[in-house]
Amino acid sequence: MEILNSGRKLGGKGGSPLMFEWYGEKYWGAAHGLAGITHMLMDFELTSDAREDVRGTLKYMIKNRFPGGNYPASEEDTKRDILIHWCHGAPGIALTLVKAAEVFGDEEFLEAAMNAAEVVWNRGLLKRVGICHGISGNAYVFLSLYRLTGIVEYLYRAKAFACFLLDRAHVLMSSGEMHGGDVPFSLFEGVGGMAYLFLDMIQPRSSRFPAYEL
């Protein structure tokens, strides 16, 4: 598979079996980096070597996360523990770790996903509404863990984020205290993603992060 061959050429030297580059940076996140690519690879029937490369890449990320549990945006940005987004940071990586726990049956991945969820709970109530880098996307971390574990606390946390949006988002956007997205009605940046979350809250066991969780 060309994706694996490309990742192996850039990986290995720095400790991660796979590594990818986009616009000159080696990103980790779900939108542009390791988390998103490994997430997609786990949808395929992989050889044993490929499975170990994916597993090893995720373990590399866990080993090199920030002490507080969040994840760097890229290999070049390991000092700034700032971003708590699906695109960059713990939320998107948590979704990939949940999938890895299902695919590999490895408790380390589940534990890491649960640790990332704590970061999202404590720091993920953002000033944006969308699913890419906003509260709506962060709520899916809790929904994903609820589906996998059945732990009702994760459902309550997803409801807390969703209820905050339902009660406060339009007021805060109107006052300028919350960003409605550069494309305000879009799925990934705007209220389209918030509406999608509200629909998923009706049947949380069937919820899926749009275009990411299959």
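Mentor: A charge sits over a ring if NZ of Lys or CZ of Arg is within 6 Å of the ring centre and within 35 degrees of the ring normal. This is a predicted model, in which local features need pLDDT of at least 70 and side-chain atom pairs pLDDT 80 or more, whereas totals for chains, interfaces and linings use all residues. Residues are numbered from 1 along each chain as its sequence is written, and side-chain values use heavy atoms, without hydrogens and water.

Trainee: Which residue lies over the face of Phe109?

Mentor: The distance to the ring centre of Phe109 is 5.1 Å. The residue over that face is Lys59.

Trainee: How many aromatic pairs does a search of the whole structure find?

Mentor: Rings of Phe, Tyr and Trp (its six-membered ring) pair if their centres lie within 6.5 Å; planes under 30 degrees apart count as stacked, over 60 as edge-to-face and the rest as tilted. The search of the whole structure gives 13.

Trainee: What is the angle between the planes of Trp28 and Tyr60?

Mentor: Their centres are 5.9 Å apart and the pair is tilted. The angle is 55 degrees.

Trainee: Is Phe209 buried or exposed?

Mentor: Buried means under 20% relative accessible area, exposed over 50%, and partly exposed in between (1.4 Å probe, protein chains only). Because its relative accessible area is 0%, Phe209 is buried.

Trainee: Which residues do ring pairs link into a cluster with Trp86?

Mentor: Phe188 and Phe209 form an edge-to-face pair, 6.2 Å centre to centre with 70 degrees between the planes. With Trp86, the cluster holds Tyr140, Phe188, Phe209 and Tyr212.
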